[in-house]
Amino acid sequence: MGEMVEEPDFDVLLSSSGDRGIVLVQAVRSLTGLSAWRSKQLLQATPTTVVDGTWFEAATEAVRRLNAVGARADLLCRWCERVISSEDCPVDADLCSSPFLSPDGCPASRPRA
């Protein structure tokens with residue numbers, strides 16, 4: 001059996017909430033499970049972390065959903081602490097500098113299909 005390698009967790013950072021009001025509140029609610037009031041508070045605290053410590057695919061989907069409703073969201077790799085823009089493909093041209101896994105093991109360094 002091959003060795004299992006743990007992959008890093010990712011945070012979703014919201015740097016701008018845009019001007020889509022209730023649509024963005026609804027998007028944050030669907031991603032976080034927070035109430036509308038707490039979601040609005042979170043949005044008013046930008047820049048802030050919206051999703052904390054999730055796997056790569058969930059984080060990229062959250063970034064896609066937030067950006068689709070007019071926000072500005074990015075990924076943060078918890079291992080190498082890179083802020084990764086969702087427009088990059090591969091997500092980041094630089095390889096992960098994590099001390100815990102090989103650079104090609106980080107999903108943020110892999111080309112998207």
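Is Arg-65 buried, partly exposed or exposed, and what is its relative accessible area? Arg-65 is partly exposed, with a relative accessible area of 30%. Here, buried means under 20% relative accessible area, exposed means over 50%, and partly exposed lies in between, using a 1.4 Å probe and protein chains only.

## About the model

This is a predicted model, in which local features need pLDDT of at least 70 and side-chain atom pairs count only at pLDDT 80 or more, while totals for chains, interfaces and linings use all residues. Residues are numbered from 1 along each chain as its sequence is written, and side-chain values use heavy atoms, with hydrogens and water left out.

## The chain as a whole

Let's start with the overall plan. The chain has three helices and four strands, and along the sequence they follow the pattern β-α-α-β-α-β-β. Helices (H or I, at least four residues) and strands (E, at least two) are DSSP runs, numbered from the N terminus.

Of the 113 residues in the chain, 38% are buried. The accessible surface of the chain comes to about 6,600 Å², and carbon and sulfur atoms account for 51% of this surface. Such areas come from the Shrake-Rupley method with a 1.4 Å probe; for residues, only the protein chains shown count as cover. Now look at contacts, meaning heavy atoms within 4.5 Å. Among the contacts in the chain with a separation of 6 or more, 57% are between residues 24 or more positions apart.

## How H1 packs against H3

Two packed helices are described by the angle between their axes and the distance between the axes. Helix H1 (residues 21-32) and helix H3 (residues 56-68) pack at an angle of about 165°, and their axes are 9 Å apart. The axes are lines fitted to C-alpha atoms, for helices over the stretch in contact, and the angles run from 0 to 180 degrees between N-to-C directions. H1 and H3 are therefore roughly antiparallel to each other. On this scale, angles under 35 degrees count as roughly parallel, over 145 as roughly antiparallel, 65 to 115 as roughly perpendicular and the rest as oblique.

The crossing of H1 and H3 is right-handed. A crossing is right-handed if the near helix is turned clockwise from the far one by less than a right angle, and left-handed if anticlockwise. On the H1 side, the contact is made by Leu-24, Ala-27, Val-28, Ser-30 and Leu-31, and on the H3 side by Ala-62, Arg-65 and Leu-66. By class, this contact has six nonpolar, one polar and one charged residues. Ala, Val, Leu, Ile, Met, Phe, Trp, Tyr, Cys and Pro count as nonpolar, Asp, Glu, Lys and Arg as charged, and the others, Gly among them, as polar.

## Two residues of H3

Arg-65, our opening residue, is found in helix H3. Leaving aside neighbours within four places in sequence, Arg-65 is in contact with Ser-30 and Leu-31. Arg-65 and Ser-30 are 35 residues apart in sequence, yet 9.9 Å apart in space, C-alpha to C-alpha.

Glu-61 is also found in helix H3, and counts as partly exposed at 35% relative accessibility. Glu-61 and Leu-31 are 30 residues apart in sequence and 9.6 Å apart in space, C-alpha to C-alpha.

## How H1 meets H2

The axes of H1 and H2 come within 9 Å and cross at roughly 105°. H1 and H2 are therefore roughly perpendicular to each other. In this pair, Leu-24, Val-25, Val-28, Arg-29 and Thr-32 in H1 meet Ala-36, Ser-39, Lys-40, Leu-42 and Leu-43 in H2. The classes here are six nonpolar, two polar and two charged residues.

Ser-39 has its place in helix H2 and is buried, with a relative accessible area of 0%. Not counting residues up to four places away in sequence, Ser-39 touches Val-25, Val-28, Arg-29, Thr-32 and Leu-34. Arg-38 is found in helix H2 too, but counts as partly exposed at 45% relative accessibility. In helix H1 you will find Ile-22, which is exposed, with a relative accessible area of 56%. The C-alpha atoms of Ile-22 and Lys-40, 18 residues apart along the chain, are separated by 8.6 Å.

## A cis peptide bond

Most peptide bonds are trans. The bond from Thr-46 to Pro-47, however, is cis, with omega near 0°. You can find Pro-47 in the loop between helix H2 (36-44) and strand E2 (48-54).
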